[in-house]
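Biologist: I'd like to learn how to read a predicted model. Could you walk me through it, one feature at a time?

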Amino acid sequence: MAHILVVDDDPDIVELVSLKLRAGGHEVTVAGSGEAARDVLASRRDVDLAVVDHMMPGMTGVDLVRALRAEGSQLRILMLTARSQERDLENGFTAGVDDYMTKPFSPRELAARVGAMLARR
Amino acid sequence: MTLLTPHLILVALAALWTLIAATVLLILLSHALRRGRSRHREELDRRARPLVVRFALAEEDDPALEGTLARASGAFGDRVDERLLSVLETLRGDSRERIVALLVDRGHPPRLRRRARSRRTTVRAAALRRLGQLALPTDEDLIRGATADPSPVVAAIAIRAAASYPGRASVAAALERLRGRGEVPALVVVTSLIAQGAASADALAAIREGLVDPSSRVRAACAQTLGELTSTADAAALGRLLRRDPTPGVQLAAATALERVGRASAVPALLDGTRSPWGPVRTHSLLALLALPREVTAAALAEVARRPDPLLTPLLAAQPAPPSPEAHP
């Protein structure tokens, strides 16, 4: 079991991802924005992995990842992105994203990717 | 003689203040009503969301949950539909199919089809968008037909929705809108073509054929799409377009596409592009050259460097120097 942070401003996606990950036995914390995610990570040192949406108002997913890596964070990060933003994935990987999934996605694949990323610890 | 007696002035002032007070009251009332409705919707969403998500993720059939969702009616039923459609946009695989089946059970598609024929453009557009999300085979013709809607907004939504039915017919419907009237932004068409080209070999073939279409807007859109699809197999065709097309906009689209899909075989065309009288074509041809390995572009870049050009010279000067053999023994 791992502690996973889900960062997304869309309540439907948050509910979907959280429920799937909880069903896999993980502890899930939710943040509705990049700024909120930074607050969570500042107070909780036990987060093993973050599932981060690319497009969020204010601090985007890539901004968040860049800021975390600049602080030396080694957190595993899986980015969710719309297919039309594939060009932005280059920026995402440059910023320090470990893996990504394009929307629409299969919840089973999400769980499998999260499992694989956690196994690489 | 004057009509403005003190009594009349007082009455007028009182009437004015009454009017202002009534207006403020009405604004406050309408604001409170809107907030109340919004809160009510949020409350219903909070109830509907976990049910919809549980249903979407269920590994096994849950007749009780399915029954609850299928029977949801009134305002709550509307929010269940909204949540189902929202989740539908995010999911693929079994979960998606299950949600589509539930929306069909709830009688959603016939309602959407009726709305897709509404006289109000916003209603038509919203209905077409959702029918595109559902992507039921029965709605293929309806959606494709709506790409010719007199409203550019509705047509744009239909072009996006037509991407749910990738293939020659949907590509043709999207491109047709570029040929005739210019109110639909080319970007909308390109977005639809990208989705279709990625999903269907037939659609990709139709997009390739668009490179020789009589319409320059179609040629430009197809070139841009092939670049976005990173279709390196089309580098030669894009090179020909850059060299021979008479329209600067098409040349620019080809040069920009070659920035992503360029190959060594495109170097002569790109070098020609750097001599174009059109600044953006020269710039993007050079950027496409710079995106290729230096082994295949060294001679072309040297030639560009010999020609003084107010656009290209600063671009070349800003490039890092290639590593010298002495620096890396």
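Biologist: Is strand 3 of chain A buried or exposed?

Modeller: A residue is buried if 20 or more other C-beta atoms lie within 10 Å of its own, exposed if 12 or fewer, and partly exposed in between, with C-beta atoms placed from the backbone. Helices (H or I, at least four residues) and strands (E, at least two) are DSSP runs, numbered from the N terminus. Five of the five residues of strand 3 (residues 49-53) of chain A are buried, so the strand is largely enclosed by the rest of the structure. Two notes on reading along: residues are numbered from 1 along each chain as its sequence is written, and chains are lettered from A and ligands numbered from 1 in the order in which they are written. This is a predicted model, where local features need pLDDT of at least 70 and side-chain atom pairs count only at pLDDT 80 or more, while totals for chains, interfaces and linings use all residues.

Biologist: Which way do the residues of strand 3 of chain A point?

Modeller: In a regular strand the side chains alternate between the two faces of the sheet. Here A:Leu49, A:Val51 and A:Asp53 point one way, A:Ala50 and A:Val52 the other way, and all are buried.

Biologist: Which strands pair with strand 3 of chain A?

Modeller: Two strands pair if DSSP finds at least two bridges between them. Strand 1 (residues 3-7) of chain A pairs with strand 3 in the parallel sense over four bridges, and A:Leu49 is the bridge partner of A:Ile4. Strand 4 (residues 76-82) of chain A also pairs with strand 3 in the parallel sense, over five bridges; there, A:Met79 is the bridge partner of A:Val52.

Biologist: What do strand 3, helix 3 and strand 4 of chain A make?

Modeller: A crossover is right-handed if, with the strands pointing away from the viewer, the path from the first strand over the helix to the second runs clockwise. Strand 3, helix 3 (residues 61-70) and strand 4 of chain A make a right-handed β-α-β unit.

Biologist: What does UniProt list for A:Asp53?

Modeller: UniProt positions are given in the numbering used here, feature names are shortened, and annotations may be inferred rather than shown by experiment. An unreviewed UniProt entry lists A:Asp53 for "modified residue: 4-aspartylphosphate". A:Asp53 lies in strand 3 of chain A and is buried, with 23 other C-beta atoms within 10 Å.

Biologist: Which residues is A:Asp53 in contact with?

Modeller: Two residues are in contact if their C-beta atoms, placed from the backbone, lie within 7 Å. Leaving aside neighbours within four places in sequence, A:Asp53 is in contact with A:Val7, A:Asp8, A:Asp9, A:Ile13, A:Gly61 and A:Leu80.
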